[in-house]
Amino acid sequence: MENSNSYSPYSSSSVDSTKPSPSESSVNLSLSLTFPSTSSQRETSQDWPPIKPRLRDTLKGLRLRQRGYHRALFVKVYMEGVPIGRKLDLSTFSSYESLLENLSHMFDTSVICGKRDIKHHVLTYQDKDGDWMMVGDIPWDMFLETVRRLKITRPERC
Amino acid sequence: MNYFPDEVIEHIFDFIASHKDRNSISLVSKSWHKIERCSRKRVFIGNCYAINPERLIERFPSLRSLTLKGKPHFADFNLVPHEWGGFVHPWIVALAKARVGLEELRLKRMVVSDESLELLSRSFASFKSLVLVSCEGFTTDGLASVAANCRHLCELDLQENEIEDHRGQWLNCFPESSTALTSLNFSCLKGETNLAALERLVARSPNLESLKVNRAVPLDALTRLLSCAPQLVDLGVGSYENEPDQESFVKLMDAIKKCTSLRSLSGFSEVAPLCLTAFYPICQNLTSLNLSYAAEIQGNHLIRFIQFCKRLQRLWILDSIGDKGLEVVASTCKELQELRVFPSDLHDEEDNDTAVTEIGLVAISAGCPKLHSILYFCKQMTNAALITVAKNCPNFIRFRLCILEPNKPDHTTSQSLDEGFGAIVQACKGLRRLSVSGLLTDKVFLYIGMYAEQLEMLSIAFAGDTDKGMLYVLNGCKKMRKLEIRDSPFGNAALLADVDKYRTMRSLWMSSCEVTLGGCKRLARNAPWLNVEIINENENNDLMMERNEEDEREKVDRLYLYRTVVGARKDAPPCVTIL
């Protein structure tokens, strides 16, 4: 639920956008239009402003490069069967390829995305819903927003 | 009555190219209908679900060129699920089966598979031209089949597609005998490019006029390519992150000097600013310049370059050029017809003095008498500015203004922008496309309905107060073809008021509005010639349909309706329900 902002004369009083209570926000919505929040909620919006994906990606890339520091994204990485894990800053990678390459080095074995087989270790991740998923299905940027931890599964044994 | 033999009439019809005109001709008489349809070479289908391939082929057996559009426009902004539809495969299958002599295929927002491309490449011996815009679903393997099998390929133009790059050798797949290329655009490919293969291909294509390479083509490779192809008219440059050394730079500039036919320049993503200066020798010849991906080049570099581009007719740029930069454009580019200014900062973090405002827009309108199309992203606008722009430029055909913050009023008066947009539609009698933004009440739609007589496409976001707004538009704009609305308080009353209106329109999109499931169901019942699609990514639609009548009042997340002569489509995914 989005909360109204104080810009428009058509909205009712603005609500503290960090702590909406469900009843408050539904009252507001019935009196005003559904305004998008101009707080950090908007930052991750994929549909506004109306620009095409290629420009959106270009600008995201620019932003990451312009900021001297990366907003670090450290996640735990476990190799199945090995109790001690590692930690990895995903914000230093720009794609699945660079991530896999790095993991392969780190764990000294071949790590891939995709179906389990007898030869390769397959990479999986836990998303923000807590579900374990196959790495590689969603765009890289989306992956960064949802990944919580990584697990490298053992090769399938016959 | 025909006093001429059919062949003569057909010959006369050959001079008539526009689709609208040919459609009109076919309505004159039965015999003209027959002559027209049998001789028709180019067909444009704005909505691939309005008709099916079998009927297309039946009517136009001599078809050579087909243009198809799939997903609705808002799919460009992630509002349509990827699996929604728009598959080209059944079309290619049908065309192949009927042995149509297809030479050109142009697709926009469609799903294309490698299988489709392979079939295409093997089925049409005279195939010459493939143009894919904003498509997805294929990989470089598909491109390899096209390269390998289409012996007469002249044009391969890939714009803004999502292509899985298998880093294969698709460029190598063009046979040595292939020398007919006139246009090659692979700028949207993300992976590595086989530079040697590319150079050989360019070297053996003397008719190559348009070449747009991807990011993986570095400076020295570009120099060699330009040396092989000084006849180029249209160039898309790759990327050069590092400042080039003196020697490479000089070599590049020398190669560019020889490209005296170069008129159009684009690309430049991730480019060190110095590289733009290599193009100074030819910039006064440029008629088209697209620097909308050149996010690394600062405003002052852009300005320095553009001040020499006196012949520019088309300019696409980022707002980092600033109002000052637009003033330079206004005083330099007197031939300017089309301007697009895109946002460079999506997060509004920098207190950005250099972004564009109403000042830049007014300057452009005052300085560029031939301007007829504009797309302008900005942070603020005023009614006074829009009124001035309307007075300066009554010739607008396309006017799209996007104020980045939704519902933002006139920043000097705090009023809505109704009067400003009202002035635009009143002055610009030929306006065909309009996008509105900022704080807007129903009044702006009253103006649009009253004055925008030629308006064919209208995009509305976060605007209006009541159903009256939408009704003004539906009742007033007789030529409306595509109406797309998001986040606006229009509901069932507006949707259902005049069902027959949708016969004259291609499509209507409404998302995050007030229309309910009940309203949509009623519409579908009253208009069986419409496909009324409800898109709801978050639920299983079967469950939704089974719930009790209470939920007729449930608001519909996304509604897309379009006229069709072939009924409900059979390829809809689970998230789409066709009522």
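How many salt bridges does the structure hold over all chains? The total is 31. This is a predicted model.

**Stop 1: chain B, whole**

Now switch to the C-alpha trace. Along the principal axes it spans about 75 × 65 × 60 Å. The radius of gyration is 25 Å, and this agrees with the value near 25 Å that a compact globule of 579 residues would have.

Colour the chain by burial. Of its 579 residues, 58% count as buried. Next, turn to contacts. Taking those in chain B with a separation of 6 or more, 72% come from residues 24 or more positions apart. Chain B has an accessible surface of about 23700 Å². Carbon and sulfur atoms account for 50% of that area.

**Stop 2: chain A, whole**

Switch to chain A. Here you will find 5 helices and 6 strands. Follow the chain along its sequence and the order reads α-α-α-β-β-α-β-β-β-α-β.

Apply the burial colouring again. Of the 158 residues in chain A, 35% are buried. Contacts between residues at least 6 apart in sequence come next: 43% of them in chain A join residues at least 24 apart. The surface of chain A exposes about 9500 Å², with 52% supplied by carbon and sulfur atoms.

**Stop 3: a covered strand, S20(B)**

Return to chain B and select residues 507–511. This is strand S20, and 5 of its 5 residues are buried. Show the side chains. Which residues lie on each side of S20(B)? B:Ser507, B:Trp509 and B:Ser511 are on one side, while B:Leu508 and B:Met510 are on the other. Both faces are covered.

Select residues 482–486 of chain B for strand S19, which pairs with S20(B) in the parallel sense over 5 bridges. Find B:Glu484: B:Trp509 of S20(B) stands opposite.

Then select residues 558–563 of chain B, strand S22. The pairing of S22 with S20(B) is antiparallel, again over 5 bridges. Pick B:Leu508 and look across to S22(B), where the bridge partner is B:Leu561.

**Stop 4: a nonpolar patch**

Select B:Phe4, B:Val8 and B:Ile12. Together they form a nonpolar surface patch with about 260 Å² of accessible area. Centre on B:Ile12, which lies in helix H1 (residues 6–13) of chain B. B:Ile12 has a relative accessible area of 41%, so this residue counts as partly exposed.

**Stop 5**

Select B:Asp76 and B:Arg109. Their side chains meet in a salt bridge at 3.0 Å, N to O. B:Asp76 sits in the loop between strand S2 (65–69) and helix H5 (89–97) of chain B, and B:Arg109 in the loop between strand S3 (104–108) and helix H6 (114–123) of chain B, so the pair ties together parts 33 residues apart in sequence.

Are these two partners buried or exposed? B:Asp76 is buried, at 6% relative accessibility. B:Arg109 is buried too, at 8%.

**Stop 6: a salt bridge within a helix**

Move to helix H10 (residues 246–257) of chain B. Select B:Glu247 and B:Lys251, whose side chains form a salt bridge at 3.5 Å, N to O. The two are separated by about one helical turn because they are 4 residues apart in this helix. B:Glu247 is exposed, with 54% relative accessible area. B:Lys251 is partly exposed, at 48%.

**Stop 7: a salt bridge between loops**

Select B:Lys370 and B:Glu335. Here the salt bridge is 2.9 Å, N to O. B:Lys370 lies in the loop between helix H14 (358–367) and strand S15 (373–378) of chain B, and B:Glu335 in the loop between helix H13 (322–332) and strand S14 (338–342) of chain B, so parts 35 residues apart in sequence are tied together. B:Lys370 is partly exposed at 43% relative accessibility. B:Glu335 is partly exposed as well, at 32%.

**Stop 8: a salt-bridge network**

Show both chains for the last selection. Which residues do salt bridges with shared partners join into one network? Pick A:Asp47, B:Arg486 and B:Asp487.

Conventions
Residues are numbered from 1 along each chain as its sequence is written. Chains are lettered from A and ligands numbered from 1 in the order in which they are written. This is a predicted model: local features need pLDDT of at least 70, side-chain atom pairs count only at pLDDT 80 or more; totals for chains, interfaces and linings use all residues. Side-chain values use heavy atoms; hydrogens and water are left out. Buried means under 20% relative accessible area, exposed over 50%, partly exposed in between (1.4 Å probe, protein chains only). Two strands pair if DSSP finds at least two bridges between them. Patches are made of residues with over 30% relative accessible area and no salt bridge: like charges are joined within 9 Å, nonpolar side chains (Val, Leu, Ile, Met, Phe, Trp, Tyr) within 5 Å. Accessible areas come from the Shrake-Rupley method with a 1.4 Å probe; for residues, only the protein chains shown count as cover. A salt bridge is a side-chain nitrogen of Lys or Arg within 4 Å of a carboxyl oxygen of Asp or Glu. The radius of gyration is taken over C-alpha atoms; the globule rule is 2.2 Å times the number of residues to the power 0.38. Contact means heavy atoms within 4.5 Å.
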